[in-house]
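Here are a few friendly notes to read alongside the fold.

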Amino acid sequence: MSTLSYGEMVLLVDSKDRRYLISLVHDGEFHSHSGYIRHEDLTNTEEGKYVKSSNGKPYLVVRPTMSDVILKMPRAAQIIYPKDIGHILLVADICPGVKILESGIGSGALSIAMLRAGANITGYELREDFANRAMKNVLTYFGDDVLDRYQIHIRDIYEGVIETGFERVILDLPEPWKAIPHLAASMVEGGIVVAYTPSITQAMKLRDSLNSSEFVMQETFEVTRRSWHIEGQAVRPEHRMVAHTGFITHARFVRDAN
């Protein structure tokens, strides 16, 4: 175990499993209904230990996982949930050095996951406020060193793609089918496109556009996640579950598909 230091993100977990994500700064304080904790005290603490608030309430101190950060980070738009992000990383085959065009940056949740996997990302985002929020979240997680692998342009992908040589295209857009006609000139042979759409009608329109283009090996699916309550011999599914959040569609680009 290592001692926490300023500049790190820390997850505080109380006795009821409520979780609080904070960034350690000089002279900072964490405040809750249970009192306050000085950031200075946390920097003298090892991960996995407990600290007490000013009112004597214990908090477990751990470094957050990427999933913790994504769920707790500030949002300018609805995030893609970790359960979907994991599958997007797999079907898009995100790996170190892969060149990605991401359009519809949102709050940067998927950007963080792909950057952590080693990708190089060019982002197209129509809204400047979303782009600024995403960039702030990414820099908070990685620091400035990530800027050599991450850039966002305020552009409308529906109007075209300027750069070329993309091995992956990731779309989180209201009308992703409008982007498909622009991809042939910007993707490499064998590249993968992945689109995330909340509704099945969006997925249907996207599949229609892929059918009329140079894309093969198409698939659309959704991911559900159900936790279980296990306490002694009392075992049952949790009453609440994260069911439908969106549809994931992926396909491979082959120039002579037709």
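1. Helices (H or I, at least four residues) and strands (E, at least two) are DSSP runs, numbered from the N terminus.

2. Please bear in mind that this is a predicted model, where local features need pLDDT of at least 70 and side-chain atom pairs count only at pLDDT 80 or more, while totals for chains, interfaces and linings use all residues. Residues are numbered from 1 along each chain as its sequence is written, and side-chain values use heavy atoms, without hydrogens and water.

3. Back to the helix pair: H3 (residues 82–91) packs against H4 (residues 109–116) at about 45°, and their axes are 10 Å apart. Axes are lines fitted to C-alpha atoms, for helices over the stretch in contact, and angles run from 0 to 180 degrees between N-to-C directions. H3 and H4 are therefore oblique to each other (under 35 degrees is roughly parallel, over 145 roughly antiparallel, 65 to 115 roughly perpendicular, the rest oblique).

4. Which residues of H3 and H4 meet? From H3 come Ile85, Ile88 and Leu89, and from H4 come Ala109, Leu110, Ala113 and Met114; contact means heavy atoms within 4.5 Å.

5. Now the seven-stranded open sheet, ordered E9-E8-E7-E10-E11-E15-E12 with mixed pairing. Two strands pair if DSSP finds at least two bridges between them. E9 and E12 (215–222) are at the edges with a single partner strand each, so one side of each has no neighbour in the sheet. From one strand to the next, the twist averages 15°.

6. Within that sheet, E7 (residues 99–103) and E10 (residues 166–171) run parallel, joined by four bridges, and Leu101 is opposite Val169 in E10. Five bridges link E8 (residues 120–125) with E9 (residues 150–154), also a parallel pair; here Thr122 has Gln151 as its bridge partner in E9.

7. E5 and E6 (residues 58–62) are antiparallel and share three bridges, with Lys52 opposite Pro58 in E6.
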